[in-house]
Amino acid sequence: MKFGKSKSIIALMPGLSVMDRYIVFELIPPLLFGIGAFSSLGVAIGTLFELVRKVTEAGLPLGIALQVLLLQIPQFISYALPMSMLLAALMAYSRLSSDSELIAMRSFGVSIYRLVIPAVVVSLLVTSLTFVFNELVVPAANYQSKITLDKALKKERPSFQERNIFYPEYQKVKLPNGKKVNKIKRWFYAEQFDGKQMRGLTILDFSQTGLEQIVTSESAVWNPTENLWDFLDGTIYIISPDASYRNILRFQKQKLQLPRTPLDLAKKNRDYGEMNIAQSLERLEVLRHSGNAKKIRKLRIRIQQKISFPFVCLVFGLVGASLGTRPQRTGKATSFGISVLVIFSYYLLGFITNALGLVNIFSPLMAAWLPNLFGLGAGGLLLYRAAR
């Protein structure tokens, strides 16, 4: 085995056996190569061409385009880390197998299971790195990239929703058959929002049987001291059971005990990729009050995917090492091709489970984690077959 070239690296890894350090040394170069190759490819396809178009057609300054490009690189590095782990494990173990070094190790009584442990350990380290990177760097960079680009194109968006704030409030109602269903309690609509005050408001109250009252108002502000809304210059229409107006009350100022959720919804205007797990959980808490089952389910799936995605590194590390330990002669081009095939298969499965989760066939937990469980099972099966 070629230990001479790795003496300096081995010396930097105390506490590991010589074999483990040697395999780790074999994993590092293709891992770094994969990060560079996959992230560069992602940036070129996903960002660079679109930015070039904006520079030539929309007059985007070149300096701003470069800044946006740099801000979007972390996202593609995040995507590249799992794929790079797959490529690294496949290339490293394929080289050891093709040079008969794995055979030499096994002749000393080292099992295949023991040989893949270094790949699993490195995969876990890359998993941790991916998780931290996705939480601390990627969402902030994505959000800043969007703000920078919109500002340069004179489409600067505020940190809140400016128009058409809808908020349906639901309540649980028990049917005669004993089943509980969601029934709309109130419908809140504001035409405009400036960050503090809402204008052009209409509230439909269904808290009792049928439509009970309609409130219209020129404006409204949230009163944090009393924990209620101050409605200004409006009218309350009291509705009779036969749908006729029973009474009309005009007011200059009226306090209404309504939830502040419409305000929270208007102020939380980040996309899924611009929020970390903590921010997503805060958003979920706001959405829970709205009763919008579709948006709640989608966000729950995204939160689970934020947790499960880093573990793709472990899945790919195990699969790559299992494939690489088979007796074969595999070149770098073949390893790259196999990696692309495995990556495509995994993400196709992820797309299918995500779709099934969105239509409520799979739970959010299953929709996010099933591809990982399937990948671990496939990797374990390949490893078992290689060890026979």
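Which residues of the largest nonpolar core touch the most other members? The legends below work towards that view and beyond. The model shown is predicted: local features need pLDDT of at least 70, side-chain atom pairs count only at pLDDT 80 or more, and totals for chains, interfaces and linings use all residues. Residues are numbered from 1 along each chain as its sequence is written, and side-chain values use heavy atoms, with hydrogens and water left out.

**Figure 1. The whole chain, before zooming in.** The chain holds 13 helices and six strands; both are DSSP runs numbered from the N terminus, helices being H or I with at least four residues and strands E with at least two. Of its 388 residues, 44% count as buried, where buried means under 20% relative accessible area, exposed means over 50%, and partly exposed lies in between (1.4 Å probe, protein chains only). Among contacts (heavy atoms within 4.5 Å) between residues at least 6 apart in sequence, 62% join residues at least 24 apart.

**Figure 2. The largest nonpolar core.** Here is the reply to the opening question: F188, M198, L201, I203, W229 and F231 touch the most other members of this 28-residue core. Strand 5 (residues 228-239) gives the most to this core, with four residues. A nonpolar core is a set of buried Ala, Val, Leu, Ile, Met, Phe, Trp, Tyr and Cys residues joined through side-chain atoms within 4.5 Å. Take a look around I203: not counting residues up to four places away in sequence, I203 touches W187, F188, Q213, I214, V215, F231 and L258. A second, separate core has 26 residues, including Y22, I23, L102 and A119.

Figure 3. Strand 1 (residues 163-174) pairs with strand 2 (residues 180-193) in the antiparallel sense over eleven bridges; two strands pair if DSSP finds at least two bridges between them. R163 stands opposite Q192 in strand 2. Five residues lie between the strands of this hairpin, and G178 takes a positive phi near 90 degrees. Y167 also belongs to strand 1. At 3% relative accessibility, Y167 counts as buried. The C-alpha atoms of Y167 and N292 are 9.0 Å apart in space, although the two residues are 125 residues apart in sequence.

Figure 4. I64 sits in helix 3 (residues 62-98), while T148 is found in helix 7 (residues 138-152). I64 counts as partly exposed because its relative accessible area is 24%, whereas T148 counts as buried because its value is 10%. Leaving aside neighbours within four places in sequence, I64 touches T148 and A152, and T148 is in contact with I64, Q67, V68 and L71.

Figure 5. The unreviewed UniProt entry places the feature "transmembrane region" at residues 21-49, 69-91, 112-133, 307-324, 336-359 and 365-384; UniProt positions are given in the numbering used here, feature names are shortened, and annotations may be inferred rather than shown by experiment. Over residues 112-133 the model is 95% helix and 0% strand, with the end C-alpha atoms 32 Å apart. Residues 307-324 are 83% helix and 0% strand, and their end C-alpha atoms are 28 Å apart. Helix 11 (residues 312-324) has 13 residues and reaches 18 Å from first C-alpha to last, close to the 18 Å expected at 1.5 Å a residue; that expected span is 1.5 Å times one less than the number of residues. Helix 11 is mostly covered, with 13 of its 13 residues buried.

**Figure 6. Two loop residues with positive phi.** S100, found in the loop between helix 3 and helix 4 (101-107), has a positive phi of about 65 degrees although it is not a glycine. S100 is partly exposed, with a relative accessible area of 38%. N227 lies in the loop between strand 4 (213-223) and strand 5, and its phi is positive, near 60 degrees, in a residue other than glycine. N227 is partly exposed, with a relative accessible area of 45%.
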